[in-house]
Amino acid sequence: MSEDATPAVDERLKEESVIAHAMKRPELGAVAGLILVTLFFAFTADGSMFTLSGTFNFLSPGAQLGILAIGAAMLMIGGEFDLSIGSMVAFAGMVFGACVVNMDMPLALAIPVTLAAAGLVGSVNGYIVIRTGLPSFIVTLAFLFILRGLSLVGLKGLTDGSTQLRGVRDAVEGDALAPLFSGDAFGDLFTWFAKSGLIDTFKSGTPKVPGVPIELLWFIILALAATYILLRTPIGNWIFAAGGDANAAANSGVPVRKVKIALFVFTACCAALLAIIQVLDAGSTDARRGFQKEFEAIIAAVIGGCLLTGGYGSAIGAFFGSIIFGMVVIGLTYTTFDQDWFQVFLGTMLLLAVVFNNAIRKRVTGER
Amino acid sequence: MGDPIIELDGIEKHFGNVIALAGVSFDVRPGECHCLLGDNGAGKSTFIKVMSGVHKPSHGTMRFEGKPVTFDTPRDAMEAGVATVFQDLAMIPLMSVTRNFFMGREPTKGKGLFKRFDVAKANAVSVQKMREMGISLRGPDQAVGTLSGGERQTVAIARAVHFGAKILILDEPTSALGVRQTSNVLATIDKVRKQGVGVVFISHNVRHAMAVGDRFTVLCRGKTLGTASRGDISADELQEMMAGGQELAELEGSLGGTI
């Protein structure tokens, strides 16, 4: 093989401008949307929205949704859907609560057990989809109900008839792993910021923002890891290939079944991670946790440039899509608008994103 | 010409009560283009799927470089050196040429957790290989969807050869192409053959087969009707064998040999 790595320039081709190149990136829509939404709130919302505490205020729910959306985006790029992730949050929350409260497990055991339980359900989802060849939409719709029902029945069994399991906070008190999944990170740093007068403080001298919400760190880590996997590893290539054309990928030696099942497991584990964070934060687990979150996560992924048909999209796009979400949900409370406009926004954004993605797809594939 | 790279003997394949292949024997030698001809439904597709590890034969033996082998998966076949370019080309239009070129066989650098897709190398190789086949890409990240049918075919062939194919199976590579693109693909086949690769050319177009074929095997209703070398058989005879010697003879006159 020749080491000549500089491709000859074809004189028939015009230099492609930076903008034309950027137009082909899947996350373009999400970035543009984020800019638009930011501008909108810059003009309509109370100034306190974009202070440090205001920013963390909307980033926190954005990050919680984002943890689900990153999983959903990876799975969508791999060509499948998972409608059961919202119910999975409740189910994993129940497993986690039962481990911690009813069985007195330390977090070092409870967290792996919860992730394993979620992963198992995810692999069952994936296995059924692969074996039957049915659309994942239908299979996971069934699990949407099965898992929600199991959470309700299970919690009642664990608590003498209540659909809420309390006492998580007491049970994990002093556990060395708890700070990794709850509260705020970099507390010392923020105290130091406050002392140095870099950030706002209360009269007592404690900072108004005690630290970075832990879910935001997890969200960023997941988004970076997912992007790295998609763009810079062979597995990333397999995910795109499995979603683009499973048959062609399998004929080229891509282990499509393994990739898809692994993606179902990953998505379920994302939901379980969110459940752990939420349960530790609230100190209790509830059978209604994650209600309808599957739709929001899929919408965030679509806003982020994922095609419903698979094979195209990005984790960074889903990252921005989730932030748009958090911004609008919380941002509306800073404005004079009725908060229920959120739903209207949701639908409109989805519609725009799908139309936009479709146009981008035609551009990329050169369809006319 | 040397010993056969791959030999298949008495291959049968049953799907439930359907007998798709009822005893097919076939071999390919290095540097030759062996044409597998047959009408629709003759079993060409099933046969190449057996050869490429997609299906397991119900009966029959397969030898690769003299040793008996069984291919459990397409990957096994590929690792042995049997590469197949299916009609769908195993190309994904939304993905870039580079990502398609290395799909399933990505070059990596780094170790353990840091083992990653060597994108720079992959880009350089794919652009270079395309140039050798006479195609200038806009860039390695150009989506395959923007290439013409002939160019896609060439990408698929270049990919197979790059990954060390000893046997290259082409499933009707010219069936959906225009005249110029067809001749480009036939020229590519000739280049590949000169590198010592054994080419299996599946077609029902006798003219295309005659243009590049060294040997011709006709498949009819799941059985081989025999193998002939170039020069020993005429296009008309091949045509007749493919049709099983029926009806076509009457049509021949009115169509004036245009089939």
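How many residues does helix α6 of chain B have, and how far does it reach from its first C-alpha to its last?

Reply: Happy to! Please keep in mind that this is a predicted model. Helix α6 of chain B runs over residues 179-194, which makes 16 residues. From first C-alpha to last, α6(B) reaches 23 Å, close to the 22 Å expected at 1.5 Å a residue.

Now for its two sides. The buried residues of α6(B) are Thr182(B), Asn184(B), Val185(B), Thr188(B), Ile189(B) and Val192(B). Looking down the axis of α6(B), you find these buried residues within an arc of 160 degrees, so they line one face of the helix. On the face turned away from the buried side, α6(B) carries the exposed residues Val179(B), Arg180(B) and Lys194(B). Just after the helix comes Gly196(B), with a positive phi of about 95 degrees.

What lies over the buried residues? The cover of α6(B) includes the strands β3 (33-38), β9 (167-171) and β10 (198-203), along with the helices α5 (149-162) and α7 (206-212), all from chain B.

β9, β10 and β3 of chain B belong to an open sheet of six strands, in the order β6-β9-β10-β3-β11-β12, with mixed pairing. At its edges stand β6 (82-85) and β12 (223-229) of chain B, each with a single partner strand, so one side of each has no neighbour in the sheet. From one strand to the next, the twist averages 20 degrees. Within the sheet, β3(B) and β10(B) run parallel and are joined by five bridges. There, His34(B) stands opposite Val200(B) of β10(B).

Other helices meet this sheet too. α5(B), which is also part of the cover over α6(B), packs on the sheet and touches β6 and β9 of chain B. The direction of α5(B) makes about 175 degrees with that of β6(B).

Terms used:
Residues are numbered from 1 along each chain as its sequence is written. Chains are lettered from A and ligands numbered from 1 in the order in which they are written. This is a predicted model: local features need pLDDT of at least 70, side-chain atom pairs count only at pLDDT 80 or more; totals for chains, interfaces and linings use all residues. Helices (H or I, at least four residues) and strands (E, at least two) are DSSP runs, numbered from the N terminus. The expected span of a helix is 1.5 Å times one less than its number of residues. A residue is buried if 20 or more other C-beta atoms lie within 10 Å of its own, exposed if 12 or fewer, and partly exposed in between; C-beta atoms are placed from the backbone. The arc is that of the directions from the helix axis to the C-beta atoms. Two residues are in contact if their C-beta atoms, placed from the backbone, lie within 7 Å. Two strands pair if DSSP finds at least two bridges between them. Axes are lines fitted to C-alpha atoms, for helices over the stretch in contact, and angles run from 0 to 180 degrees between N-to-C directions.
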